[in-house]
Amino acid sequence: MHVAYRDERERKHTLKYGEGCRKLYKNTGKKRGGLWWTYVLTLVFKIAVDGTFVYLIYHIYEGYDFPSLIKCEQKPCPNKVDCFISRPTEKRIFTIFMVVTSLACILLSFFEILYLVGKRCKECCTQIHQSRNSTIQSRQGVMATSLVIGGKNQMESNSLKLPSKDASAPSYTQVSISR
């Protein structure tokens, strides 16, 4: 539903500003921002509802076993009466099936939350790494450009002289490095 909302908003934006306008969303189907948080909170809510169901069934029936006979002492029964539950085995099987299904849903929802959070962390780390690399590369590019330009200026300003046979090696104070 959220994707349909984004598609409609994108369509209205295009109608208002024309075909060449800037897009509101890079990809309307991607889970970003509010959609991501809504989805994660829905999964958390689903885990809570399923967990509550499993807990209540366990405590109402004192485990997942349905007795075939219950002694009833409440109104409208005048005294202690034997109440038989019809098809207790069938009810037990379906209850266990529902509990196992709920536990599987809890497990899958938990893994999906881990996947979504892990994917988001990976994207954030990748963005940080790329921004650091682009900063380093731009700095290296500036330094390389200045070295090349500085090296050309150095080469142009100082003519290369071949040392004579009786000339000694230059000392470090005579050599200048431009940065």
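Let me start with Trp 37. Trp 37 counts as exposed, because its relative accessibility is 52%. The cut-offs: buried is under 20% relative accessible area, exposed is over 50%, and partly exposed lies in between, with a 1.4 Å probe and protein chains only.

Before I go on, the ground rules. This is a predicted model, where local features need pLDDT of at least 70, side-chain atom pairs count only at pLDDT 80 or more, and totals for chains, interfaces and linings use all residues. Residues are numbered from 1 along each chain as its sequence is written, and side-chain values use heavy atoms, with hydrogens and water left out.

Is Trp 36 buried or exposed? Buried, because its relative accessible area is 7%.

Now the rings. Rings of Phe, Tyr and Trp (the six-membered ring for Trp) pair if their centres lie within 6.5 Å; planes under 30 degrees apart are stacked, over 60 edge-to-face, and the rest tilted. By that rule there are 2 aromatic pairs. One joins Trp 36 and Trp 37, edge-to-face, with 4.9 Å from centre to centre and 90 degrees between the planes. Phe 110 and Phe 111 also pair, with ring centres 6.2 Å apart and planes at 50 degrees, so that pair is tilted. Phe 110 is partly exposed, with a relative accessible area of 44%. Phe 111 is partly exposed too, with 45%.

Next, the overall layout. Helices (H or I, at least four residues) and strands (E, at least two) are DSSP runs, numbered from the N terminus. The chain has 3 helices and 2 strands. Read from the N terminus, the order is α-α-β-β-α.

Some totals. The chain has 179 residues, and 14% of them count as buried. Its accessible surface is about 15300 Å², with 63% belonging to carbon and sulfur atoms. Those areas come from the Shrake-Rupley method with a 1.4 Å probe, and for residues only the protein chains shown count as cover. For contacts, I mean heavy atoms within 4.5 Å. Take contacts between residues at least 6 apart in sequence: 53% of them join residues at least 24 apart.

On to the charges. In general, side chains of opposite charge can pair when their charged atoms come close. My rule for a salt bridge: a side-chain nitrogen of Lys or Arg within 4 Å of a carboxyl oxygen of Asp or Glu. How many salt bridges are in the whole structure? The search finds 5. I will show three.

- Glu 8 and Arg 11 meet at 2.4 Å, N to O. They are 3 residues apart in helix H1 (residues 2-17), so about one helical turn separates them. Glu 8 is partly exposed at 31% relative accessibility, and Arg 11 is partly exposed at 41%.
- Arg 120 and Glu 123 meet at 3.8 Å, N to O. They are 3 residues apart in helix H3, so again about one helical turn lies between them. Glu 123 is partly exposed, at 21%.
- Glu 90 and Arg 87 meet at 4.0 Å, N to O. Glu 90 is partly exposed, with a relative accessible area of 37%.

Stay with Arg 87. Where is Arg 87 found? In the loop between strand E2 (81-84) and H3. Arg 87 is exposed, because its relative accessible area is 60%.

Now into H3. Thr 95 has its place in helix H3 (residues 88-157). Thr 95 counts as buried, because its relative accessibility is 9%. The Thr 95 side chain reaches the backbone oxygen of Lys 91 at 2.7 Å. That is a polar contact: a pair of N or O atoms within 3.5 Å, where, within protein, one must be able to donate a hydrogen and the other to accept it, and residues adjacent in sequence count only if both atoms are side-chain atoms. Leaving out residues up to four places away in sequence, Thr 95 touches Ile 57 and Phe 66.

Last item: the surface. Patches are made of residues with over 30% relative accessible area and no salt bridge; like charges are joined within 9 Å, nonpolar side chains (Val, Leu, Ile, Met, Phe, Trp, Tyr) within 5 Å. Which residues make the nonpolar patch of about 520 Å²? Leu 107, Leu 108, Phe 110, Phe 111 and Leu 114. Leu 108 is in helix H3. Leu 108 counts as exposed, because its relative accessibility is 58%.
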